[in-house]
Amino acid sequence: MASGDVLSPEVEVFQQNGEVEGEVDENFSESPAASPNLNDLRPKLKAKRRAKRSPSKEDQQLSSTNGVNVSQLSRSKPRYDRKSRTAYGRGLPKKGGAGGKGVWGKPGCELDIDGVIDEKDPNYDSDAQGNYELETIAPELTPEEVEKTIKPVIQEYFEHGDTNEVAVTLGELNLGHKKHEIATHAVSMALDKHDSHREMTSRLISDLYGKILTQKEMATAFDSILDDLADLTLDTPDAPHVVGSFIARAVADDVLPPKYVTEYRGSGDSKQTRAALDRAHVLLSMKHGMVRLDNVWGVGGGQRPVKYLIKKMNMLLREYLSSRDIQEATRCLQELEVPHFHHELVYEAVVTVLEAGSEQVDTAILMLLKSLADAIILTVDQIDRGFDRVFESMPDIVLDVPNAHTVLERFSEECHKEGVITNRTKAKVPIRARKRFVSEGDGGRIKE
């Protein structure tokens with residue numbers, strides 16, 4: 001460009017600033033013919049200007065006190081300073097020096113950590129992680145442990161009859177896939193028991209269904225019983241009959257489906273198995289069978305009427321006096337399953353002695369009472385209560401048996417010698433005083 005050429009105002013400003021961001025097009029030349037219009041170059045040429053901010057009070061105070069220009073100090077700061085360079089803010093570092101990507105955080109922040117939660121962290125301390133509730137997990141029992149644990153629980157149930165206690169006790173055990181053995185052991189143990197225990201077993205199975213045992217586990221339990229029925233028959237000859245009644249009662253209680261009897265598929269189809277299934281089919285096919293199955297085991301124990309029990313005990317004494325078989329009499333008494341009502345047997349036995357007035361009857365009854373007392377079938381409390389009832393009934397007995405007091409004194413003395421009654425009962429025996437008259441002419445006045 002020649003020195004005499006006159007420049008436009010835009011080009012003159014551009015040369016004065018001397019700062020151009022970007023590059024000019026390579027096709028630009030100084031020749032007048034090739035030079036384009038300057039307005040076309042304006043979008044490509046940008047002047048870079050620094051942002052100016054108003055001085056703050058701190059800067060003014062600093063400049064007034066020290067006489068140093070603040071703008072010169074700000075330009076002398078190093079490039080790695082992380083303070084804000086914008087016109088906003090006080091120029092402090094972000095987040096107190098803890099901000100930014102890939103930084104270590106605020107100094108001392110590692111001391112503010114409450115605790116380590118990750119268990120794989122080497123600094124993990126289980127005692128310092130707060131309050132935790134520990135859940136006890138019992139190991140699964142082996143088949144031997146299952147049998148040793150379940151049988152005592154069922155045996156205790158035959159004593160107290162509380163199904164809820166059994167459910168709570170068995171619920172605490174980890175039986176795993178062997179839960180069906182609860183019903184298996186219960187039915188197996190009930191085979192050697194009386195009808196009252198079998199009734200309790202049926203109630204236990206019904207109450208455990210839905211709480212601990214499912215329908216599938218119940219079916220598995222009865223499958224196991226039917227498979228082992230041939231061996232159970234060796235110890236209990238009527239096992240097929242009893243197991244068939246258990247199956248029918250389970251169907252009536254909705255523990256087993258009705259199709260179980262007709263669609264049974266066991267590992268073996270023995271003669272005993274078919275007999276048990278036939279028994280269950282007959283009970284279920286009866287008219288109103290489902291209702292009658294509620295009493296399939298009969299009414300036993302204390303549920304029987306008192307008159308029925310008294311009649312049974314009188315019959316027991318008559319048969320004993322005829323046969324003098326103490327073992328048979330003992331068996332018949334235990335089959336009644338009324339240990340709380342044994343004082344009735346003692347009462348009826350003593351009244352029989354008073355009414356008979358025979359030494360043979362006295363000896364037979366004494367032998368029976370002594371045998372039952374030695375076997376602890378008759379407890380001391382039941383014997384004392386039976387004799388007390390006789391003592392209270394003596395005014396009525398004397399009307400039928402005038403010499404009842406004499407016979408009672410003799411029999412009580414023999415029972416005391418054999419250890420059947422205690423000293424307290426012996427001292428309570430009523431003694432009828434003999435009447436003595438003064439003379440024939442005293443008008444029948446009793447001598448005092």
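Residues are numbered from 1 along each chain as its sequence is written, and side-chain values use heavy atoms, with hydrogens and water left out. Because the model is predicted, local features need pLDDT of at least 70 and side-chain atom pairs count only at pLDDT 80 or more, while totals for chains, interfaces and linings use all residues.

Start with the protein chain in cartoon view, where you will find 22 helices and 0 strands; these are DSSP runs numbered from the N terminus, helices being H or I of at least four residues and strands E of at least two. Of its 448 residues, 31% are buried, meaning under 20% relative accessible area with a 1.4 Å probe and protein chains only, whereas exposed means over 50% and partly exposed lies in between.

Next, select L226, I247 and L256, which touch the most other members of the largest nonpolar core, a group of 51 residues. Such a core is a set of buried Ala, Val, Leu, Ile, Met, Phe, Trp, Tyr and Cys residues joined through side-chain atoms within 4.5 Å.

Now move to helix α19 (residues 380-392), which holds D388. D388 is buried, with a relative accessible area of 18%, and, leaving aside neighbours within four places in sequence, D388 is in contact with R424 and K428.

Then show the aromatic rings, of which the structure holds 2 pairs; rings of Phe, Tyr and Trp (its six-membered ring) pair if their centres lie within 6.5 Å, and planes under 30 degrees apart count as stacked, over 60 as edge-to-face and the rest as tilted. The rings of Y157 and F158 have centres 6.0 Å apart and planes at 45 degrees, so this pair is tilted, and both residues are buried. The rings of F387 and F391 are also tilted, with centres 6.2 Å apart and planes at 55 degrees. F387 is buried at 0% relative accessible area, and F391 counts as buried at 11%.

How values were computed
Contact = heavy atoms within 4.5 Å.
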